[in-house]
Amino acid sequence: MGCRAVEHFPLGGAVRFFGLSVGLVKGVGVLFVGDDWSEEHHDVWVMGEGGEKLASCRFAEGVEGLGGLLDLLASFVDDITEVVVGIETDRGLWVNALVAA
């Protein structure tokens, strides 16, 4: 499992995530996350407020994968209310955790 991040970060700064460089864009607005869910894994696409791709990742289903997603999101925003998530299911660990956040 890992992430692919864009190579250029117009706002400067970068952090390392799963061995890849991920742009540090905290405080720039709303973060949009698409989650293509399956029984085994989640393919996640992260976009900034202007629609620019920030990262695409595959996380395992379960607590460890959810922790990876939350770590990734924390690298972009300080406040979870700045994150909008679209996911194609209404059940499961990930949905429950995201709704609770």
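Which residue in β6 does histidine 41 stand opposite? To find out, select histidine 41 in the predicted model: the residue facing it is alanine 60 in β6.

**The whole chain**

Before going further, display the complete chain as a cartoon. It contains two helices and seven strands. Followed from the N terminus, the elements run β-β-β-β-β-β-α-β-α. Of the 101 residues, 36% count as buried. The accessible surface comes to about 5700 Å², and carbon and sulfur atoms contribute 56% of that area. Among contacts with a separation of 6 or more, 49% are between residues 24 or more positions apart.

**The hairpin of β5 and β6**

Next, select residues 41-47, which make up strand β5, and residues 53-60, which make up strand β6. These two strands pair in the antiparallel sense, over seven bridges. Together they form a hairpin, with five residues between the strands. Within the turn, select glycine 51, whose phi is positive, at about 90°.

**Helix α2**

Now move to residues 93-100, helix α2, and show the side chains of Trp94, Val95 and Leu98, which are buried. These residues lie on the same side of α2, because the arc they cover around the axis is only 95°.

**The aromatic pair**

How many aromatic pairs does a search of the whole structure find? The search finds one. Select phenylalanine 59 and tryptophan 94: their pairing is tilted, with 6.3 Å centre to centre and 50° between the planes. The pair links distant parts of the chain, since phenylalanine 59 belongs to strand β6 and tryptophan 94 to helix α2, 35 residues apart. Is this pair buried or exposed? Both phenylalanine 59 and tryptophan 94 are buried.

**Leucine 98**

The last stop is leucine 98, also in helix α2. Leaving aside residues up to four places away in sequence, leucine 98 touches Leu69 and Val85. Finally, select valine 84, which is 14 residues from leucine 98 along the chain; the C-alpha atoms of the two are separated by 9.8 Å.

Notes: Residues are numbered from 1 along each chain as its sequence is written. This is a predicted model: local features need pLDDT of at least 70, side-chain atom pairs count only at pLDDT 80 or more; totals for chains, interfaces and linings use all residues. Side-chain values use heavy atoms; hydrogens and water are left out. Two strands pair if DSSP finds at least two bridges between them. Helices (H or I, at least four residues) and strands (E, at least two) are DSSP runs, numbered from the N terminus. Buried means under 20% relative accessible area, exposed over 50%, partly exposed in between (1.4 Å probe, protein chains only). The arc is that of the directions from the helix axis to the C-beta atoms. Rings of Phe, Tyr and Trp (its six-membered ring) pair if their centres lie within 6.5 Å; planes under 30 degrees apart count as stacked, over 60 as edge-to-face and the rest as tilted. Contact means heavy atoms within 4.5 Å. Accessible areas come from the Shrake-Rupley method with a 1.4 Å probe; for residues, only the protein chains shown count as cover.
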